[in-house]
Amino acid sequence: MQLYNSLTRQKEEFKTAEPGKVKMYTCGPTVYHFAHIGNLRTYMMEDVLENYLTYSGYDVMRIMNITDVGHLTSDGDTGDDKMLKGAKREHKTVMEIAKFYTDAFFSDCEKLCIKKPEYIQPATGCIPEYINMISVLLEKGYAYEAGGNVYFDTSKLDQYYRFHDFREEDLEVGVREGVEGDANKRNKADFVLWFTKSKFDDQELKWESPWGYGYPGWHIECSCISMKFAGETLDLHCGGIDNVFPHHTNEIAQSEAYLGHAWCPHWFHVLHLNDETGKMSKSKGEFLTVSLLEEKGFSPLAYRFFCLQSHYRKTLVFSWDNMKNAQTAYDKLLAKIEAMLDNNDTVDDAKKAELLAAFTAAMDNDLNTAQAVTVLYDILKSDANAATKLACIADMDKVLSLRLIENAKALAENHAAPEIPAEVLELVDQRKEARKAKDFAKADALRDQITALGWQIRETRQGTEITKL
Ligand code: AMP
Ligand code: ZN
C-alpha cells in the first residue's frame with residue numbers, strides 16, 4: 001500500500017517492523033466538551049485506515065489516549081487549561097467532566113461506526129510513567145528545571161523540527177507565541193514536561209513528583225502511553241494536521257531523546273474540516289456535533305459518507321447544503337441496494353475479484369476513499385448479477401463501515417411492514433402524553449384501545465415500537 005508519510009513528505013510503500021503486524025497510535029480527544037464533527041473526521045479516517053490495514057491482512061494493534069489533564073488552549077504552554085475551563089463552565093469537577101465527555105465521545109463514535117481502539121488510556125492513569133520518562137530525560141541532560149517547572153531542552157537535539165510541511169517563519173510565530181510570559185525557557189522552542197508553578201492556582205488534579213506537587217505537560221502523555229502498550233517503537237502514528245506542531249514534533253523529541261533511537265517511521269495526518277467561516281470552533285454558540293446533525297434530521301452515517309467522498313489530505317468544507325446532498329446520495333444508495341436484496345443469483349467469484357481489484361487499487365493509492373466511492377457506483381452500474389454486486393459491497397463495507405447492507409435490509413423491512421392507521425398513531429401520541437404526565441391508568445387504557453384495533457405498542461430505549469398483532 002502506498003501511504004503518504006508526513007515525515008518524508010512523500011507517498012511511500014507502507015512497511016512495518018514485524019511482517020503482518022501494525023503498531024498504530026492515534027492521538028485521542030481532549031474531553032472538556034463534545035467532539036465537533038471536524039474532530040470526528042480525523043477519527044473516522046483513522047478508523048478507515050485501521051479497517052483497510054486489517055482488510056489487507058495485517059494484525060492491527062491500536063492505541064489511543066484520552067486527554068484529561070495538561071492540554072492548554074494554545075496547544076503550547078500558554079492559554080487556559082481546557083479541562084479546567086470545561087469544569088468551570090459546567091460547575092463540575094474535572095473528573096466528572098472527563099467521564100461525561102469520554103462517554104459522549106464514544107457514543108458519537110458508535111453512531112459514526114468508528115470502532116473503539118483496542119487500547120484506550122486516560123492520561124491521568126499514567127503519572128508514574130511520566131515521572132520515569134522525565135527523570136531519564138533530566139539524567140541524560142535533555143531536560144532542566146527552572147522556576148519550579150521541568151522543561152525539555154530543544155537545543156540538545158541535532159534536529160528538532162521534523163515535519164517540514166510548514167515554512168520556518170510560520171513555526172517561528174507559533175514558537176514566539178508559546179514563549180510569551182515564560183522567562184524560564186532557555187530556548188524559544190522548549191516545552192514543559194512537568195508543571196509545579198502554574199498560573200492555575202485552582203488546578204484540581206495534582207500529583208507528588210521529585211520536582212514538587214504538580215501535573216504533566218500535554219505532550220508527554222502520548223509518548224508514555226504509546227510505549228506502555230507498544231514498547232520502544234511504533235509503525236504508524238496518526239492525528240489531525242494541527243497536531244504536527246507542536247504536539248507531534250514534541251512527542252518525537254522527547255521519545256527519541258528518552259529511547260536513544262528512532263521511534264516511529266510513519267506519520268499520517270488528516271486535513272481539517274472547516275465550516276463556511278473557515279474554521280471549526282467549539283466556542284461558537286451552535287457548534288457542529290453529531291447530535292446537531294441528528295436534530296436537523298440527518299443520519300450520522302450520511303456524514304460518514306460525506307467525509308469518505310473526499311480525500312483525507314484535502315481540506316473539506318462543511319455546509320448544510322453539502323450535508324443535504326450527502327444524505328440524498330446515501331439514501332439513494334440504500335434504495336439501490338434494497339432493490340437487489342431479493343434475488344436468486346449466485347456469486348460469480350471471478351467477477352467479484354475483478355470488481356474488487358478496482359477498490360483495492362483506490363485504497364492502495366494513499367487511502368483514496370473518494371475513488372473507492374466512485375468504484376462503489378461503478379459496481380452498481382456494472383453488468384454483474386445482484387448477488388455478486390452485494391458480495392462486493394459487503395466486502396468494501398468492512399472498510400468503509402457505512403452499514404450499507406444492514407440499512408438497506410432495515411429499509412426493506414420497513415417497506416414490507418403494513419402502514420399504521422392514523423387512528424392508531426393518534427392513540428400512541430395520547431399515550432405518550434399520558435406517560436409524560438405520569439397518568440398511568442390513562443396510559444394503560446390507551447394501550448388497551450390500541451390492542452383492540454389490532455396493534456401492539458412497546459416502549460424501548462430506542463423509542464416506541466408499533467407492530468401488527
Ligand atoms: P482535541 O480534542 O482538540 O485534542 O482534538 C482531537 C483531534 O481532532 C486531533 O487529532 C486534532 O488534530 C483533530 N482536529 C481538530 N480540529 C479539527 C478539524 N477542524 N478537522 C479535523 N480534525 C480536527
Ligand atoms: Zn498525542
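The legends below describe close-up views of a predicted model. Residues are numbered from 1 along each chain as its sequence is written, with chains lettered from A and ligands numbered from 1 in the order in which they are written. In this predicted model local features need pLDDT of at least 70 and side-chain atom pairs count only at pLDDT 80 or more, while totals for chains, interfaces and linings use all residues; side-chain values use heavy atoms, leaving out hydrogens and water.

**View 1. The zinc ion (ligand 2) and its donors.** Cys27 (SG), Cys222 (SG), His247 (NE2) and Glu251 (OE) coordinate the zinc ion (ligand 2) at 2.0 to 2.6 Å. Donors are N, O and S atoms within 2.8 Å of the metal (3.2 Å for Na, K and Ca); water is not among the atoms, so sites may look incomplete. The angles among the four donor atoms run from 73 to 130°, and the site is irregular (four donors count as tetrahedral if all angles lie between 85 and 135 degrees; four count as square planar and six as octahedral if opposite donors are over 155 degrees apart and all others between 65 and 115; anything else is irregular). Cys222 is buried, at 0% relative accessibility, and His247 is buried, also at 0% (buried means under 20% relative accessible area, exposed over 50%, partly exposed in between, with a 1.4 Å probe and protein chains only).

**View 2. Where domain 1 meets domain 2.** The domain assignment, automatic or from a database, gives domain 1 (2-270), domain 2 (295-415) and domain 3 (422-468). In domain 1, 22 residues are in contact with 28 residues of domain 2 (heavy atoms within 4.5 Å). About 2,300 Å² is buried between domain 1 and domain 2, with 65% from carbon and sulfur atoms; buried area is the accessible area (1.4 Å probe) that two parts lose on being put together, summed over both. Arg41, Tyr52 and Tyr55 supply 30% of the area that domain 1 buries against domain 2, more than any other three residues.

**View 3. Salt bridges at Asp47.** A salt bridge is a side-chain nitrogen of Lys or Arg within 4 Å of a carboxyl oxygen of Asp or Glu. Asp47 pairs with Arg304 at 3.0 Å, N to O, and with Lys115 at 3.1 Å, N to O. Asp47 is buried, with 0% relative accessibility, whereas Lys115 is partly exposed at 36%.

**View 4. The salt bridge between Asp366 and Arg313.** These two side chains meet at 3.0 Å, N to O. Asp366 is buried, at 1% relative accessibility, and Arg313 is partly exposed, at 31%.
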